[in-house]
Amino acid sequence: MIVGVAAESAPGEQRVALVPSVISTLTKLGVDVLVEAGAGGAAGFSDAEYTEQGARIAASRDEVLEAADILARVRAPGADPDHGDAGLAKLRSGQIVVGLLDPLGDTDAVQALAGTGVSSFALELLPRITRAQAMDVLSSQATVAGYKAVVKAADMLNRMYPLMMTAAGTITPAHVLVVGAGVAGLQAIATARRLGAVVEAYDVRPAAREQVESLGARFAELELDTADAEGAGGYAEALGDDFYRRQGELMAKLVAGSDIVITTAAVPGARAPVLISADAVRGMRAGSVIIDLAAETGGNCELTSTGETIEVDGVTIVGSVHLATEIPYDASQMYARNVAAFLGNLIEDGAVNLNLEDEIIRETLLTHAGEVVAVRVRGALGLTTAEPATEERE
Ligand code: NAD
């Protein structure tokens with residue numbers, strides 16, 4: 001059986017799904033790895049490094065797509081707005097695709113993927129259970145994005161982060177506000193603290209307070225009832241527009257006093273709550289920076305423009321999506337380990353075991369035999385919530 005890695009097709013995507021150091025993990029599973037020449041180049045991995053670890057190099061993308069039984073992707077094969085169909089054209093029924101397939105995003109793309117007949121696994125749908133932690137791509141990529149958000153903001157800000165007492169006078173530290181203290185937010189807090197900023201953070205999950213404080217940041221006191229904010233799997237629950245409006249009003253003063261605001265507040269399967277109004281942005285000093293990591297699901301700031309960096313009254317608002325791709329070497333290493341762990345669970349004795357009794361396999365299976373089968377996604381697409389018969393899926 002062959003696991004194939006073709007170069008990513010999404011514009012600006014620099015990561016690669018498998019890196020040389022995980023090849024031996026895969027060959028121990030009894031599979032061969034075939035990598036398109038140059039696929040790891042943008043992330044810093046040469047073809048020679050792959051071959052040294054036992055992978056074969058294919059001269060062309062088509063060679064990989066034809067030979068692979070399993071395609072390891074970072075982003076969906078059709079994740080290219082200009083050539084999406086071309087990315088899907090060579091896929092065939094029975095082939096397996098594993099990657100970040102944006103299952104709750106572009107519904108047409110999900111249907112198009114189903115139409116190819118591939119069995120695709122969307123890693124965003126991994127259940128948050130202990131056994132799946134080593135496969136958790138959302139956490140690994142959020143870690144990189146949280147770090148990058150702080151470094152990017154440092155580069156854009158017209159001030160320095162740390163307190164400096166010099167012969168030329170005292171420079172006061174920058175103030176960073178982090179909204180949403182999940183995986184990305186906590187990494188942003190840790191990074192901003194290391195650089196010497198004064199950091200304040202807020203999260204609706206009461207459990208986040210202790211984590212924020214353990215990193216040396218202050219937990220913002222907002223008069224909000226958040227007793228029911230934590231739902232299944234440790235994720236935040238949607239709290240309604242009135243709650244978010246009130247939260248935004250309470251946070252406006254904190255926003256005004258911050259040089260950098262990093263927002264990561266997200267609710268799985270829903271649009272990100274709008275927590276920073278246009279007025280709150282206008283209350284910030286000129287030269288301040290907002291990095292909106294929730295941009296992909298609409299953004300936490302009312303003015304965010306997804307995928308773009310804009311300036312409003314001297315405040316820079318960064319709406320980058322997939323920020324982890326800007327640190328492609330480490331992001332790919334972490335991603336590849338996640339994928340190798342996922343394949344380790346999927347492959348038994350050198351063959352794919354589509355065991356739907358396994359929660360990890362069942363929950364992540366997005367499309368199979370021409371249909372969208374993931375229950376959460378079928379609901380979002382307005383299809384009957386009942387899954388297609390199991391017999392059809394074996
Ligand atoms: P996420 O990306 O869905 O959301 C980011 C953060 O935004 C969360 O902490 C959420 O509580 C917060 N948020 C939502 N609405 C908000 C609002 N109105 N104001 C402020 N903050 C708001 O979540 P995530 O970072 O992927 O993880 C969330 C939790 O899940 C964390 O506790 C994390 O440690 C946990 N987790 C568990 C596992 C596991 O395997 N058990 C794996 C990864 C993460």
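**View 1. Arg 218 is partly exposed, with a relative accessible area of 49%.** Partly exposed means between the cut-offs for buried (under 20% relative accessible area) and exposed (over 50%), with a 1.4 Å probe and protein chains only. Arg 218 forms a salt bridge with Glu 200, and their closest N and O atoms are 2.3 Å apart. A salt bridge here is a side-chain nitrogen of Lys or Arg within 4 Å of a carboxyl oxygen of Asp or Glu. Glu 200 sits in strand E10 (residues 198-202) and Arg 218 in strand E11 (residues 218-219), so the pair ties together parts 18 residues apart in sequence. Glu 200 counts as buried, at 18% relative accessibility.

This is a predicted model: local features need pLDDT of at least 70, side-chain atom pairs count only at pLDDT 80 or more, and totals for chains, interfaces and linings use all residues. Residues are numbered from 1 along each chain as its sequence is written, and side-chain values use heavy atoms, leaving out hydrogens and water. Helices (H or I, at least four residues) and strands (E, at least two) are DSSP runs, numbered from the N terminus.

**View 2. Glu 8 and Arg 73 meet in a salt bridge.** The N to O distance is 3.7 Å. Glu 8 lies in the loop between strand E1 (2-5) and helix H1 (23-27). Arg 73 lies in strand E4 (residues 70-75). The pair links distant parts of the chain, 65 residues apart. Glu 8 counts as buried at 14% relative accessibility. Arg 73 counts as buried at 2%.

**View 3. Lys 90 pairs with Asp 62 in a salt bridge.** Their side chains meet at 3.2 Å, N to O. Lys 90 is in the loop between helix H4 (84-89) and strand E5 (96-100), and Asp 62 is in helix H3 (residues 61-67), so the pair ties together parts 28 residues apart in sequence. Lys 90 is partly exposed at 39% relative accessibility. Asp 62 is partly exposed at 32%. The count of salt bridges comes to 17.

**View 4. Helices H6 and H11 are roughly antiparallel to each other.** Roughly antiparallel means an angle over 145 degrees. The axes of H6 (residues 137-156) and H11 (residues 328-346) come within 9 Å and cross at roughly 170°. Axes are lines fitted to C-alpha atoms over the stretch in contact, with angles from 0 to 180 degrees between N-to-C directions. H6 contributes Val 137, Ser 140, Gln 141, Thr 143 and Val 144 to the contact (heavy atoms within 4.5 Å). H11 contributes Ala 331, Met 334, Tyr 335 and Asn 338.

Technical notes:
Parallel < 35°, antiparallel > 145°, perpendicular 65-115°, else oblique.
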